[in-house]
Amino acid sequence: MYSKKLARLAFGLLAESTFKCPLTRSVSSVRTLCSWTVCLHHRQKNPLSEGFSRRLTRLNVRTVSQTTLDPAEVRKFQAMASKWWDLQGEFAALHSMNDLRVPFIRDNLLNVHGILQLGKPLAGLRILDVGCGGGVLSEPLGRLGADVRGIDPVEDSVRTAELHSSYDPDLWERVRYQACTLEELAEEELEGFHAVVASEVVEHLADLDAFASCCQQVLKPGGSLFITTINKTNLSYVFGIVAAEQLLRIVPSGTHDWEKFISPEDLERLLESFGFYVEAIRGMMYNPLTGAWSWQQSTAINYALHAIKRKEEPQPGQVWAESENLDEPGRATNYS
Amino acid sequence: DACLRGFACSERHEESSASENQLFDIIISGGGMVGTAMACSLGLDPNLAGKKILLLEAGHKKEMDGVPETYSTRVSSISPGSATLLSLGAWDHIANMRCKPYNKMQVWDACSDALITFDKDNLQDEMAYIVENDVIVAALTKQLQTLSDHVKVQYRTKVVKYTWPRPYHVSESIPWVQVTLANGKTLQTKLLIGADGPNSMVRREAGIPTVKWNYDQSAVVAVLHLSEPTVNNVAWQRFLQTGPIAMLPLSDTESSLVWSTSHQHAEELLQLNEESFVDAINSAFWSNENHSEMVETAGSLFRTTLSVLMPDSGSARQLPPSVAGIGPKSRVMFPLGMGHATEYIRHRVAIIGDAAHRVHPLAGQGANLGFGDVAYLTKVLSQAAFNGKDLGKSMQHLLEFETERQRHNLPMMAAIDLMKRLYSTNAAPMVLLRTFGLQATNALPPLKEQIMAYASK
């Protein structure tokens, strides 16, 4: 029983990564492999191929969406759909992590903006969910009233997410998905979002500088950045690598690279160098027996971080009033 | 961006080609006291503002412009806890219409002199309120009208079928509960709340197993005219051989009768003419013919002992006011039973009130248990909404409701059932046991306070 739970823990933690990591063997579609190769190019930051690969990704996206899905794809897609949204399945840990992440994001945003509308506390806010996967985090944020854009380089995940949210008209209006990378989005949406959420994503990126830079670009001044990730400690090695990959072999070895884990101190330093100040860091812990997450003092394994993009010219009241998304009449502006 | 969404859009059109397939966040099936209270409670919750809520009721709308002169026969004893819940607006309407607080309750045995009285100190505070069921529903309906922007009600609407969704998301199947009405329309909802009474269709169709049995008893209810006006603030209940008879105050001149007895006796009572019926009632409360000598001696011995150990603990037995007549056309009977659903929740379904638990009226707790369900379920759904959860799918929250309410309801139901059985027999050992038990409990104020506190929640 323990191994199953631990396995679920590991798989849950690594879930979103499985679909993004180019080394994974589980996806067989050639088309998607293409897009991952493109991602690989991105990560290697080859300046020559960057422009080319970006165009390739765009081309890829358009081509895929115009062809009809073949039955094999549909089946795989459907199989994945049930995996993402089965609350007792492999992604159970990600779903139960919502019990921590959603209040964390919600309360911190409420601290900054105040309650905008009863019943929809995040109404009027534009949130970007980077590495949204099947939409596990995007949906609750959408239900709380935010305008959510979920992006993920993996087409299949995005389609899963779209299908799942298509049944609920409320969600359909508020949550949009896009299969693209953050770099691509950063070009289109300069200072377009009130908040960026990158949950269980940072530990899979090679180039954190580029990530931080893009986040800085897409965020409005004073906007919030929420990150949940894994610390780089002995403890996280034991649980995240040894137990999950080598002992239980749930995920192919090499899916998670301990070297890519980052400690909260390093992350904080990095973000500060890109114009953020870190407002809160909290430790999280998963209990594989109950399947529940809880906050804890120690950030030794998992942690959540909230950073705010510094406003260049601090003019309280001016910056937000010019934003095109906050168009509710008579809304009280409320900043920290 | 548009291309990507095109694929998903066309799929969606198949399911919702008719936009009459309205999707609600919550549908409540059953507009009785508990169902209407649930609708009000959800409508007033700030975290649920903006959710689309619908109440379906098979009967017609119960409005009361002015209170009718005659009292209706079906009444409920509303505890302070329930009054607090209803005080979200509805209680004001009730207070403006009609309700009767009472300060004391005397419960005694027909087979002995044992009695127990409950009162809040010195008859100052109100213990509970007797309110006609019609008044409660009308008050809640009035409250509901102020919430009509997001809580809709459909009266004269009968449900013929429920279709349950699969717990796993399978594409091309609708993930919501579908409610098919008698007029052919189908509604969809993310969460269905069943408040449709002891013979709940929601519970039946959801396949929730129920533990139930019929007491071989029916209750006869009537409105009584007292012989003379009195400060009528005491509730009386006497355990007869055939079942408990209770007199609940409605006003200074009228009281409500709830007489639980065997089916046969109940039918006989209904056949009696008014005079004989009144005589039967008075004699049921007053006569001592069932006392046995042995029990009387034992009882008085025990009482003397208790009064030595704990002076000030006894109460003098008082007699209820005598009855002179009954309200016109007010005698009705209905069968009694016990029922408990083993589960209160399923995927996207919750049941509350009599649909979940049905009790004997001897403790006056039926409505209160239902209102307790309403309060807790609202709290749980409010929390779920504030966390952005899909209300019907969040089993964690629904389970919390079920666990908490079963923990509260089951002991109460067991106690009521036990009381019923204990008092249904004339066997001397049982009579002695309950005589001693009643007297002992009466002598222990802390214990009585605990009982009252539990019943007032």
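Me: Is Asn368(B) buried or exposed?
Reply: Asn368(B) is buried, at 3% relative accessible area; buried means under 20%, exposed over 50%, partly exposed in between, with a 1.4 Å probe and protein chains only. This is a predicted model, where local features need pLDDT of at least 70, side-chain atom pairs count only at pLDDT 80 or more, and totals for chains, interfaces and linings use all residues. Residues are numbered from 1 along each chain as its sequence is written, and side-chain values use heavy atoms, without hydrogens and water.

Me: Which residues is Asn368(B) in contact with, neighbours within four places in sequence aside?
Reply: Ser77(B), Ile78(B), Ser79(B) and Ser82(B), contact being heavy atoms within 4.5 Å.

Me: What joins the side chains of Asn368(B) and Ser82(B)?
Reply: A polar contact of 2.8 Å, that is, N or O atoms within 3.5 Å, one able to donate a hydrogen and the other to accept it; residues adjacent in sequence count only if both atoms are side-chain atoms.

Me: New topic. Which residues does UniProt list for "domain: FAD-binding"?
Reply: The unreviewed entry gives 183-294 and 340-384 of chain B; such annotations may be inferred rather than shown by experiment.

Me: How far apart are the end C-alpha atoms of residues 340-384 of chain B?
Reply: They lie 26 Å apart, and the span is 42% helix and 20% strand.

Definitions and conventions
Chains lettered and ligands numbered in written order. Helix = DSSP H or I, 4+ residues; strand = E, 2+ residues; numbered from the N terminus.
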